[in-house]
Amino acid sequence: MSLLLPVVVFAPAIAAFLLLAIPDSQKAATRAVSLLGATISLLGSIKVALDYDRSAGGLQMGYDLPLLPTLGIHLNLAVDGWGASLLLLTGIIIFAAVLASFTVARRDKEFFIYLLVLVSGVFGVFVAQDLLIFFLLYEIAVLPMYLLIGIWGSSNKVAEDGPFRYVWSLLDVGGREYAAMKLTLMLLMGSAAILVGIFWLYLEAGATSFDLAELARHEYAEPTQLIVFPLFWLGFGTLAGVFPFHTWSPDGHASAPTAVSMLHAGVLMKLGAFGVMRVGMVLLPEGTHAWAPIVGAVAVINVVYGAFSAMSQKDLKYIVAYSSVSHMGVVMLGAATLDSTAWNGAVFQMFAHGVMTGLLFALVGLIYERSHTRIIATMGGFGSVMPVVALFFTLACLSSLGLPGTAGFVAEMMVFLGAWRVGHPIWAIAGIVGAFVTAVYVLRASRTIFWGPGPSEKFEHLHDAHGSELVAPIVLGAAIVVFGVWPRLILDLIDPSTSANLAVITRVIGGGQ
Amino acid sequence: MRSPLSEAPLAALVAVLAPALAALLLAVLPMVRRRGAPAAWICLASSVASLVSAGLLLAGQLGEAEPMAWTTSWLTLDGQGLGELGVNVDGISASMLVVVTIVALCVQVFSVSYMHDEPPDAYGRYFTYHALFLFSMNLLVLAPDLLQLFAGWELVGVTSYLLIGFYYRKPSAGRAALKAFWITKLADMGFILALAVLFTSTSAFRFDAELSTPLANVVAGLLFFAVVGKSAQFPLHIWLPDAMEGPTPVSALLHAATMVAAGVFLVVRADPIFAHAPDTREVMLVVGSLTALFAAGLATVQTDIKKVLAYSTCSQLGYMVAALGAGSTLGGYFHLTTHAFFKALLFLSAGSVIHAVHSNELADMGGLRKRMPLTATAFIVGSLALAGIPGTAGFFSKDLVLAALEGRMGWLPYVALMTTAFLTAFYMGRVVLVAFFGEARGKADHAHESGALMLGPLAVLAVLSLGVGYFGAHFAEVTATGEYHLHFGMTPAIASGLALGGFALAYAVFGGGRDASGVGVLALLDGAARSALVDRTYEALYRHGMLNAAAAIGWFDRYVMDGLVNLSGWLTLVAARSLRRLQSGFAPDYVFAVVLGALALAAWGYLS
Amino acid sequence: MTQADFMPLLLPLLAVAATVLVIVMDLFLPERRGASLGWLTAALLGGLLVVSFYVPTTGVVGDGVFVGTAWSVFFARLSLVAALLAVLGALEHVERRFPRRQGEYYALLLSSVVGMLILPGARDVLLLVVAFELMGIPLYVLAAYAKSEGMPLLASEEPGSGKKSPAAEAAIKLYLVGATSTAITLFGLALVVGVAGTTEITGLLGDGPLAPLTRVGMMLVLGGMSFKIGLVPFHMWVPDTYQGAPTPFVAFLSVAPKATGIAAFVSLFVIAPAAHGGAHGPWIAMLLVLATASMVIGNLAAVPQSDVRRLLGFSGVAQMGYVLLAIATGTSEGLSMAAFFLAAYVVTNMGVFFVIHACAAEDGRHDLASLAGLSQRAPFLGFALLVFLLSLAGIPFAVGFWAKLYVFLAAFRAGYVWLVALGAVLAVIGLFYYMQVARAAFMKDDASTGAPAPTIGVGLRAAVLLCLVGVLGLGLWPALLFDQTADAGTSILETRAP
Amino acid sequence: MTLTTCLLLASALFSVGVYGLLTRQQLVAVLVSVELMANAANIVLVAFSHFTASPLGQVFTLFALAITVAEVAVGLALALLLYRTHASSRLDAAKEMNG
């Protein structure tokens, strides 16, 4: 009954609550309290990662508070290997995000309040062991996003074209409120599906409790598994950017302010994938087994489709947003193989991609604050004006194309190895092609922005990142390299949980393929 | 074979970690890097350290120390380790390490003065990349298994991208860097697939994995695809000439001696796998000899001295691949070693010439023999070694390669390599005559000899280019890649004869003060060759194929997939709008709805 | 008829006494009385609320005519809370707009409350109808209260010289639909009672299959009573009346009559058949049809609204659709979930209306623009509005989340899987127009429009605060309310006919 | 004079009421039709109490009458208000609020 987890989960929320008391004029105090909340969570998540007993595995550091015993709803927080690594990721990202948003000028107190409530929800989901609380925190993590994008976002122009041209008249496609609304509605449409799924399982397991462990013990009937799994897969998948329901992600990220897109692409999309694996796959082995090929096929589309779309984008933020869709495809591909290597790879990719995208969006934010444009064609020669930003941008690009020595490589390598071993060569090849296409568009963008003769006169005055702006890139860059050179720091955490969760699936289906 | 750190080959660890530390130090401390000179000293210190440790290791291996390895598992899977990370010292890796560190040190010393007029922060950045390169190359050479080799392989690819694009302000340098990285990355897909196949069958990545012949062929074939990319073999060779955009010392180190040779080193290292893959070896033989001939042909028509040397490297790599294809690992590996030295020598002397003349074009050079005697002698020694004139290192290694081909029934490769030998001598003769003899043209008249820092390395490399050939027996014994015997049969004679013939023809065409106009005619051939060749297809593939496909998918996603989402939103709004009209505001309508509803309910009640 | 027999009827009797007291005090108070009458009513209602905690939850009056159960006490308490909030919210508005007619306003409100206190416990058709009408008729008058209020506002009392008064129009629409429904209900009940021969609810439906006349009668009653709850197609009056009537009263109108109407619904369509082994007859299917229609049309019609009161009107229609889903299950769990939902709905909806009222006080405009930059101008109101909207949309940490969750859970357990799925999807559309309101308040941060920070009186601030405490408090700790509604639900279905 | 004939009479009266309700523009006329519908219910009650000889129907009718009277009173007051504010007692005068 250790209090470590509640502290990590609710520290940001409490900080947000304290912010209410601080008058708007006290800019420094607002930032200090927010940073304090983020730092407590970061240190807490590091402590959780260190204290987690790798050999024992399973759920540790439990904390249980009965909320509605009659229905079997408990605020039951406990951490397993996966949860610990993703908790650490969230800690790092929120720390960087709060730092990156020191430059928010307009209504900054409200900004920090919504940001901290949002991250509190995310922390909670990774350690919630009660399915309903999992869903509750999942919904909280989604909603402040609407206000954050709607108020502090930026609008983009999207030309009228294509078969549905007349729609442009009514909806201002590309605007920030449009993006915020689309994001919220699509994600909540997903959570509607999840709600139906949760009830279905709850009732079929005898309506005694929402505890994940208990629900996992129950053997669900075949038809239930076949119907409820896609509900979870597409419900959580919408947040993970699964193919048909990914269109909120480019607009959402492109319109969101820096810190929000860092948090969203960096962590929230992992929520979706974590949900699919932790809830969808562990609770419904037969369903998983039956649907796995389709999940894999869609993931393949995600990877290649996302990569190619990213290549065609003119706006830097859209490129990074589509690359997130592509990388999340790799995660889902790893999950679909139901193989221990690929699962380790998938969860590691969640971590690696989180850190990479966090860094990329932080840098994009820095570039945008200085040059006030995100169209890469207009940029050029920024390398001579901002060498440090160029250095970190190149590092992030190299990690996203899977250079050994960076976290990206370890993740993608394990997923492709697993996919090949389990007998899905096409998935592995598609993934590798996706990685190659990523290499093409990522370096093409970095060359267009940073290389070439000096910046045009418009951007002469640009100055490099300095002071507090540097802390976030350094922390994230260091994470990419450290976990790329020595991945066992995280893999030792992930591996026991992977084999535990996989054992549930393979035992039920009688030993895999 | 995990052995505690104490007995581990400490020297090997130093060889890898010294440059790594240097690179890390320079990357993390921008103030040190930006001051230029200190960065150079740190990088040089790390190179010297790795050279000394390489020397110790080679001495150890020569002195009957058996191969040692110190590794830990890099990833975890189902509780145990997966993939080895560490150092593995045996004959092959020790010898390659020595070659790499020697050439690296020479190039770095050379660069100290060659890059002297660069701004301090660029100077610092240059040496940081050099330290990073040396670390990656050593990581690759000392790799205990294919996974770490692949890591070194890709890191080397990235440092080559960074170094080619060193003058990032030049758009052509940017394009060249990207082209190099993309093509090698394209080829590396083969490597990853090979690792996947290996992992699936043996769940490890060992060099000496026991594989059935068909499986070995698949793995070897995939690995060879990666080698074709990295060592610039025929279809994927186009990035090497463009890689000359980088500073000349870089071309000397990466694109002549070490990096491009990594492909050949991989084949040597993974010999047990390739041994079971006869079909792949056949392909290697064909591709190798084809590349050798094709590249030599192109080299004869280049006007830029570095492009000549680049195509010459392509051609020599073709030699090594052909040798390995013919089964003579010793031939390939020994040629790699000798080639590293004399090609580095050629590039550095060319660098010294360029430094003096400030232009790469042969047209701007002439009669440099008088103004730059030492550089000229170095270049001539290099050319002789390259052509394989007896007595030079080139002769011994080329002889081994040709001997391996002699016995085979397919005579085509043998003839191709012989013609290549002739062409090599011809184009090297042309360069020597045009650049160093005849009268001075253009800026050549006020060129002056380079400083000591540049000539020192040239001297060292010249000595090695001449002397290394005689240590063939020791080389074979320490690397255990086949037994070595010097023989004076038909092949060496024909080869030397062709070499001399090549020089004679060159003298006939270009010697004795004849103007280099002849070069013009051949230039036409080059233009035609280039345009028809692979370059155009790649450009078209990239610009029209990939970019258009991306644009189409991007458009589809924005206007169709997203369009559907917008459509659903729009439909809801339209439906909602139509409902508004129901609310007419006229009271009797409301009452009408109530009555209608009640009566409908009553009817339903009655009927059901 | 000992004193004990009348204990369950204590609450309505005290309410009558309160009404009389208010009327008398209205006569005797001096001219410039300020809001004292309002505070008096509030105090009386508070007292009644306290008493309601001591009223026994068992006991029968007049051999079964009126039954005191946990269910009826719960609904009584609900109505009292709603009335108290309504009075608090209306204090300042009534004092300023109708200085001389304050007494009547509160008297009418109290009389309507009397009807509400009787209806849930009524087990006799006669008492039920009378209570239903007693609750309804004052509402017509209250709806027309701002009769002289043309555009713009006239403080003086002289009759509007031909100017269009929205209040009159609102009241007329409400009245017409109401009167028609009453007539239909009476006709239906006449048939049912005629055939059954008794007016006791438990005796209305015979054991065997129902006589055709009874079925027709029950359906007519279903149609007649649905008007009060605002189910489609009987909901047409809702948006116009919400727009025309005084907003504090609309807060009450949108909540209390609906909740009590649902209680009457339960008495007739759940308890009556339950007495005969739950032979539900045709109305279960009809309840579901009405529920679906209300959810769909309510949510869709609210989307294009620009006037917030009309938007909330349609949203009310949709919310009642969800409640009906739980009622249609016919299980005690369904009833308790519905009770929880209604309690949550009371606190949330009144809260929203009060905030809307606070923002639109001056020129009577209630459209989205009037909310512009609210979070800047009045952070407290902005935060409250956001919480209420989240609760209506069913987003966590507001009581609305639990409410929607339980209703869907009950419906799901009863097997209406696809209806729950539809409900969940429609809830997303619901979120869209709730966010439209939030967008106006939060995103249009042009505080520069010069709209001054809304000045709100003590009563209104207290009302908003109470609602906020209710929504957030129950949101964070739903167990408090859940236990009460649980035993309210079970108390109904267990009690066979006494 | 059997029970069904009385019920038919009541239904006929009810239908007339409904017809009047829907077609008349004048608010007062509408009130009259509502009154007709309510009285139809009373006829049903009285018919049942006569043919089943139980006083129940008549008691119910008394209450029903009381209710409808109360309603009509309010209705007339509203009609007066409509006239005063919209200068006509026709229902189509009050149509501002819609959509």
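Cys467(C) is buried, at 0% relative accessible area; buried means under 20%, exposed over 50% and partly exposed in between, with a 1.4 Å probe and protein chains only. This is a predicted model, where local features need pLDDT of at least 70, side-chain atom pairs count only at pLDDT 80 or more, and totals for chains, interfaces and linings use all residues. Residues are numbered from 1 along each chain as its sequence is written, chains are lettered from A and ligands numbered from 1 in written order, and side-chain values use heavy atoms, without hydrogens and water.

Back to the cysteine. Which cysteine sulfur is closest to that of Cys467(C)? The one in Cys359(C), at 14 Å, and that is too far for a bond. Cys359(C) is also buried, at 13% relative accessibility. The search of the whole structure gives zero disulfides over all chains, a disulfide being a pair of cysteine sulfur atoms within 2.5 Å.

Thr420(B) sits in helix H19 of chain B, residues 411-436. Helices here are DSSP runs of H or I with at least four residues, strands are E runs of at least two, and both are numbered from the N terminus. Thr420(B) is buried, at 0% relative accessible area. What does Thr420(B) touch, beyond residues up to four places away in sequence? Ala292(B), Leu293(B), Ala296(B), Ser315(B) and Tyr319(B). Contact means heavy atoms within 4.5 Å.

Thr198(C) is in a loop of chain C, between helix H6 (166-196) and helix H7 (201-204). Its relative accessibility is 21%, so Thr198(C) counts as partly exposed. Setting aside neighbours within four places in sequence, Thr198(C) contacts Val193(C), Gly203(C) and Leu204(C), plus Leu56(D). The side chain of Thr198(C) also reaches the backbone nitrogen of Glu200(C), at 2.9 Å. Gly89(C) is 109 residues away from Thr198(C) along the chain, and their C-alpha atoms are 43 Å apart.

Now the chains. Chains A and D have no contact; their closest C-alpha atoms lie 19 Å apart.

Work on a 1 Å grid over the protein atoms alone: a cavity is a set of points where a 1.4 Å probe fits but cannot get out, a pocket is an open set with protein on both sides within 12 Å along at least five of seven lines, and lining residues have an atom within 4 Å of a point. Points are joined across faces, edges and corners, and volume is the space filled by probe spheres set on them.

The second largest pocket holds about 1,500 Å³. It has 46 lining residues, and the closest to its centre are Phe17(A), Leu20(A), Ile113(A), Val117(A) and Phe383(C). Which element gives the most to this lining? H4(A), with eight residues. Elements supplying at least two residues include helix H1 (4-21) of chain A and helix H19 (458-476) of chain C. By class, this pocket's lining has 35 nonpolar, five polar and six charged residues. Nonpolar is Ala, Val, Leu, Ile, Met, Phe, Trp, Tyr, Cys and Pro; charged is Asp, Glu, Lys and Arg; the others, Gly among them, are polar.

Last, the cavities. There are 15 of 30 Å³ or more.

Notes:
A polar contact is a pair of N or O atoms within 3.5 Å; within protein, one must be able to donate a hydrogen and the other to accept it, and residues adjacent in sequence count only if both atoms are side-chain atoms.
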